[in-house]
Amino acid sequence: MHTQRLELEDSYIRSWETEVWKIGSHQVGLARSAFYPGGGGQDPDTGTIRWGSAQYQVKSVQKNDELVTVELDQAVPAAHGSVEAALEWKPRYVNMRTHTAFHCLVGIAWEEFGVKVAGGDMRNGTGRIDFGPGLDREKVFRCVELANDLIAHGAPVRVSEVPQETIDHDPSLVKLVSNRAPVSAQGTYRVVEIVGVDREVDGGTHVADLSEVRGVGVVKYSSSGKGQKRLKFQILD
């Protein structure tokens, strides 16, 4: 069994119909899903599933091979069924804005200073980026300043699938120090592009235009060892 990943096709899908299969007492697999299962520093989504007249809260979302499964707050009523699923939109949209802000900052660090990223994550409108060696306080704050200028002007965000040959030809598409990149089931790479700002392999959800981020502010700047600099930022409303 495998799941059609709706959120990778359109991050703005909020509700959909799908077939589900019982996996465990409180767990089902989905034929179609817009629930992001987590990964790449982005938290899993939450939401609800309406099965007949009953509504279930989605407690957790996981991806096992190519199947997305959800754990429900009540026991699964049948082995198979058709349901209506819905995202909890507000936290998802915050994650989309934060993830796009993350990419904007990473793209600037690469274009301006040739620095990749050692790690990072995001939660509740805040993000952490561990930049590889080559940045100091002045340069990190310059990245934030440039990001806010770009956000104010806006830029389209596009998604495409590229083959291995494209990655080989343009190594900058992988901006992790480890050079690891997630491969799709089709053997291609999903690339997220903020036009004119950043283009890199990524498996998360993003806004349609950079202007939706609205702005970023510095929460904390610090050193994280091995010459790395850590930026904690928040998106602004």
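Helices here are DSSP runs of H or I with at least four residues, strands are runs of E with at least two, and both are numbered from the N terminus.

A word on the source. This is a predicted model, where local features need pLDDT of at least 70 and side-chain atom pairs count only at pLDDT 80 or more, while totals for chains, interfaces and linings use all residues. Residues are numbered from 1 along each chain as its sequence is written, and side-chain values use heavy atoms, with hydrogens and water left out.

Back to Phe102. Is Phe102 buried or exposed? Phe102 counts as buried, because its relative accessibility is 11%. The cut-offs: buried is under 20% relative accessible area, exposed is over 50%, and partly exposed lies in between, with a 1.4 Å probe and protein chains only.

What does Phe102 touch? Contact means heavy atoms within 4.5 Å. Set aside neighbours within four places in sequence, and Phe102 is in contact with Gly120, Asp121, Met122, Arg128, Ile129 and Phe233. Take Ile129. Ile129 is 27 residues from Phe102 along the chain, and their C-alpha atoms are separated by 7.6 Å.

Now the whole helix. α2 covers residues 89–113, which is 25 residues. The expected span of a helix is 1.5 Å times one less than its number of residues. For α2 that gives 36 Å, and the end C-alpha atoms are 36 Å apart, so the two agree. Of the 25 residues, 18 are buried, so α2 is largely enclosed by the rest of the structure. After α2 comes Gly114, with a positive phi near 65 degrees.

Next, the sheet beside this helix. Two strands pair if DSSP finds at least two bridges between them. Four strands make an open sheet, in the order β9-β10-β15-β14, with antiparallel pairing. Which strands stand at the edges? They are β9 and β14; each has a single partner strand, so one side of each has no neighbour in the sheet. Neighbouring strands are turned by 15 degrees against each other on average, direction ignored. Inside the sheet, β10 and β15 run antiparallel and are joined by six bridges. Arg128 stands opposite Lys232 in β15.

Two helices meet this sheet. α2 lies across β9, β10, β14 and β15, at about 140 degrees to β15. α3 packs on the sheet too, touching β10, β14 and β15, and its direction makes about 150 degrees with that of β14. For these angles, axes are lines fitted to C-alpha atoms, for helices over the stretch in contact, and values run from 0 to 180 degrees between N-to-C directions.

More on α3. It has 17 residues and reaches 25 Å from first C-alpha to last, close to the expected 24 Å. Its buried residues include Val140, Cys143 and Leu146. Their cover includes α2, β10, β14 and β15.

What holds the middle? A nonpolar core is a set of buried Ala, Val, Leu, Ile, Met, Phe, Trp, Tyr and Cys residues joined through side-chain atoms within 4.5 Å. The largest one has 31 residues, and Leu105, Ile129, Phe131, Leu210, Val216 and Phe233 touch the most other members. Which element gives the largest share? It is α2, with seven residues. A second, separate core has 23 residues, including Trp51, Tyr56, Val70 and Trp89.

Leu210 deserves a stop. Beyond its neighbours within four places in sequence, its contacts include Thr100, Cys104, Leu150 and Ile194.

Ile194 takes us to a hairpin. β12 pairs with β13 (residues 198–201) in the antiparallel sense, over four bridges. The bridge partner of Ile194 is Asp198 in β13. Three residues lie between the strands, and Gly196 takes a positive phi near 80 degrees.

Then the barrel. Six strands close it, running β2-β3-β7-β6-β5-β8, with antiparallel pairing. Here neighbouring strands are turned by 45 degrees on average, direction ignored. β2 (residues 15–24) and β8 (residues 80–87) pair over seven bridges. One of the details: Val20 has Gly81 in β8 as its bridge partner.

Last, the domains. Domain bounds come from an automatic or database domain assignment. That assignment gives domain 1 (4–87) and domain 2 (92–235). Their centres, taken over C-alpha atoms, are 28 Å apart. Domain 1 gives 13 residues to the contact, and domain 2 gives 18.
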